Amino acid sequence: MAILRQWGPLFDAYTTAIASVMGPEQILTTQQMRDAEQRIFDAGTPVFDLMKLAASRAAEWIRRIAAGRNVTVLCGFGNNGGDGYVIAHCLQKAGLVVQVIAPEPPKTSAAKQARALWGGEALTSGGGAHGEVLVDCLFGSGLTRPLSGALALLLRDLAERHQTLIALDVPSGIASDTGELLNESLPRFDVTLALGAWKIAHFTLPARDWMGEERLVPIGIDLVEGAMEPLCKPHILAPSSDSHKYLRGLGIVVGGAMPGAGQLAAEAAMRAGAGYIKLASQAADQAPNSGLVQESGPLDSVLSDERIAALLVGPGLGRDDRARERLELALAMKKPIVLDADALHLISPEMLDDGVPVLATPHDGELQALCRQFSVVADTRRGRAQALACAANIVVLAKGPDTVIAGADGRVTLAPAAPAWLSVAGTGDVLAGIALSRMATGTDAFSAACEAVWLHGEAARMCGPAFTPLELAKAVRNALAKRL
């Protein structure tokens, strides 16, 4: 249920107003968030004052979503429950009918102050609670163990008896640092309001599918060193008035035994900003494309052009000796390079040169193969992407329903959900082609990966349901136009 879009005009003014105090958008671990809040406290702000700021801003979102309907607030015993008491107070002052359910009394000093601010009745069970809007303030972020049986049952029971479900920070029963579901049969929320900063779970499956629409509530958290970043809309410059095709960038797609994938990647690359895209075909009898330059001569001859700005190897390459030879010839050029598909199964540590920018674009199976090749062990796909980037000194774009971009310098960007219609053969070739084009324009590998993921997702949104990869490739042009 697209609950926020349901009353679109009601949120425009508040979204604009809240953006003016957003501060840096970042993704923090539980510990990073605690440390960031502690710096605010150390600077002289009392815990209860920060709680009131966060909860009052969250309450304004809830008030607009409730649109006059009655609200039930489920409070835990910690500071997340304290937020709930303040939210209940704010909503009641705004004229809404509010009831509070608190299975346990507050335990922290700030939560006790918040309970006193509420001042009204707090039921210890949800037997009589039902209505329109439920706000989950049981635990939020930081939970690492399952909810007790009694609390899990209470949450499920209340969720079944309310029409609209809103979670504060992170839905109770979800691990914020991993996105793991800690309990079975957790309710799916319509809206999740992240407090102060995004958490890893907001971008990570399976948790993301339980959160509904996600919005960030700013509370004055400064930029944290080493924080991950959410993927943002790129700012791409149009060509200068004196541009020509080589100044805008010559990109080469190194084709292989299966020509269709390379041609598809080239189709996308031609529409993503580079001035000249060429397909180095393996065979001379491939079907011509009037808009694409194809060369089928010896690869070393094709690659001898000093004006080449970037290369892509992998789509349709194959995995035989000839494919390995073509990969080695491309790597020998020492030009910025995108490695995708079959190239990710052929690459080995000794083939890489530390001075050459490399962007690898693996899906989960290819990521596992790369980790074996580079002796990388990690528990999560994000951890594998980060460890691989450091071990191989490359940029890793771990593509999938929760895409991760990791750099050897420690930078990590997490992408929001893209249309699930991307789960069709060939869309990875389109992504690799976009990345090639962005690198050919002179963009560094990490930024090129971010731009490619954004353009890829936006093109998919423009295509609508059930598109072909060629339709996706052709939509890249319109996605690019939105960022000029």
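This is a predicted model: local features need pLDDT of at least 70, side-chain atom pairs count only at pLDDT 80 or more; totals for chains, interfaces and linings use all residues.
Local features need pLDDT of at least 70 and side-chain atom pairs pLDDT 80 or more, while totals for chains, interfaces and linings use all residues. Residues are numbered from 1 along each chain as its sequence is written, and side-chain values use heavy atoms, leaving out hydrogens and water.

Q: Which residues have the most contacts inside the largest nonpolar core?
A: In soluble globular proteins, nonpolar side chains tend to be buried together. A nonpolar core is a set of buried Ala, Val, Leu, Ile, Met, Phe, Trp, Tyr and Cys residues joined through side-chain atoms within 4.5 Å; buried means under 20% relative accessible area, exposed over 50%, partly exposed in between (1.4 Å probe, protein chains only). Here the largest core has 50 residues, and V313, L327, L339, I347 and L352 have the most contacts inside it. Another core, of 48 residues, lies apart from it and includes A310 and L359.

Q: How many aromatic pairs are there?
A: Rings of Phe, Tyr and Trp (its six-membered ring) pair if their centres lie within 6.5 Å; planes under 30 degrees apart are stacked, over 60 edge-to-face, the rest tilted. The count is three. W198 and F203 form an edge-to-face pair, 5.8 Å centre to centre with 80° between the planes, and both residues are buried.

Q: Where does the charged end of R307 sit?
A: A charge sits over a ring if NZ of Lys or CZ of Arg is within 6 Å of the ring centre and within 35 degrees of the ring normal. R307 has its charged end over the ring of Y246, 4.0 Å from the centre; that of R483 is over the ring of W454, at 5.6 Å.
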